[in-house]
Amino acid sequence: MAGDTRLVLLGPPGSGKGTQAEILAQRMGVPAISTGDMLREAVAEGSDLGRQVESIMSSGALVDDDTMAEVVRERLGRQDAAKGFILDGYPRTLPQAETLESILQRSGAELDAVVLVDVPEEELISRAVARGRSDDSADVIRERLRVYREKTRPLVEHYQERRLLREVDGYASIEEVNRRILDAVA
Ligand code: B4P
């Protein structure tokens, strides 16, 4: 499989979306696009965007939809994304899902599937604490899980209705989760 693959990875914080996106991207010959990584890079560079989002990210809240729309529109407009992508961490709200639909429509493209990588909350908290990133303290991760349930979880139904959703149990080894995702999108 090479090119023309457009997948979204959906799931709670720490479910392994980023890890799986990298493996899938290698295999499918398309870029892994992580909005979390893009924002963390902006913070590290101290750009205008980075200064704007730094405190939002460290509190566990979501960056606003308009800012994210600009970031994603610019990234998906680059040449390397013309033939497909693995999108990790976007969309995270219903308005973001609508933005993505309109960006794709304009280029005559559509999503192949949205993969929900689901993992129990206790496991998410222990993975996050083990990772030790600045936005991974136990309190912040609890806030990120609350925001996930409130803002992102409704996307499950949204994509179920569009017959795009594939559910994968993410509580297994990285290799096993990868196999499950490949089976789900085959
Ligand atoms: P993200 O970077 O998307 O953070 P994440 O959800 O924690 O990452 P992920 O689920 O990809 O976990 P990973 O593979 O790293 O977002 C960070 C912040 O950016 C958000 O809180 C928000 O403020 C902002 N943001 C990003 N996108 C946004 C948007 N669209 N709108 C608004 N704001 C946005 O894996 C986690 C850990 O588990 C790793 O240590 C990994 O090694 C381990 N792991 C992975 N798979 C495993 C497995 N199978 N078994 C055991 N451990 C595993």
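What follows is a set of questions and answers on the ligand site and on some single residues.

Visitor: What kind of model is this, and which cut-offs apply?
Guide: Residues are numbered from 1 along each chain as its sequence is written, and side-chain values use heavy atoms, with hydrogens and water left out. This is a predicted model, where totals for chains, interfaces and linings use all residues, local features need pLDDT of at least 70, and side-chain atom pairs count only at pLDDT 80 or more.

Visitor: Where does the ligand sit?
Guide: Pockets are found on a 1 Å grid over the protein atoms alone, as open sets with protein on both sides within 12 Å along at least five of seven lines. A molecule sits in one if more than half of its atoms lie within 2 Å of its grid points. The ligand sits in the largest pocket.

Visitor: Which element gives the most residues to the shell around the ligand?
Guide: Helices here are DSSP runs (H or I, at least four residues), numbered from the N terminus; strands are E runs of at least two. Helix 1 (17–28), helix 2 (35–45) and helix 6 (121–131) each give two or more residues to the shell. The most, 4 residues, come from helix 2.

Visitor: Which residues come nearest to the ligand?
Guide: A residue counts as near if one of its heavy atoms lies within 4 Å of the molecule. There are 30 residues around the ligand, and those that come nearest are G18, T35, A61, R131 and A172.

Visitor: Which polar backbone atom lies 2.7 Å from a nitrogen atom of the ligand?
Guide: A polar side-chain atom of T35 lies 2.8 Å from a ligand nitrogen. An N or O atom in the side chain of R40 is 2.8 Å from a ligand oxygen. The backbone atom at 2.7 Å from a ligand nitrogen belongs to A172.

Visitor: How much of the ligand's area does the protein bury?
Guide: Accessible areas come from the Shrake-Rupley method with a 1.4 Å probe. Taken alone, the ligand exposes 1000 Å². The protein buries 86% of that.

Visitor: Is V63 buried or exposed?
Guide: V63 is in the loop between helix 3 (48–59) and helix 4 (65–76). Buried means under 20% relative accessible area, exposed over 50%, and partly exposed in between (1.4 Å probe, protein chains only). Because its relative accessibility is 7%, V63 counts as buried.

Visitor: How far apart are the C-alpha atoms of A81 and V30?
Guide: A81 is in the loop between helix 4 and strand 3, and it touches P31, I33, R75 and L76, not counting residues up to four places away in sequence. A81 and V30 are 51 residues apart along the chain. Their C-alpha atoms are separated by 7.0 Å.

Visitor: Which side chain makes a polar contact with the side chain of H158?
Guide: H158 is in helix 8 and counts as buried, at 8% relative accessibility. A polar contact is a pair of N or O atoms within 3.5 Å; within protein, one must be able to donate a hydrogen and the other to accept it. At 3.2 Å, the partner is E101.

Visitor: Which residue does a cis peptide bond join to P91?
Guide: Most peptide bonds are trans. P91 is in the loop between strand 3 (84–88) and helix 5 (94–106). With omega about 0°, the cis bond joins P91 to Y90.

Technical notes
On a 1 Å grid over the protein atoms alone, a cavity is a set of points where a 1.4 Å probe fits but cannot get out, and a pocket is an open set with protein on both sides within 12 Å along at least five of seven lines; lining residues have an atom within 4 Å of a point. Contact means heavy atoms within 4.5 Å.
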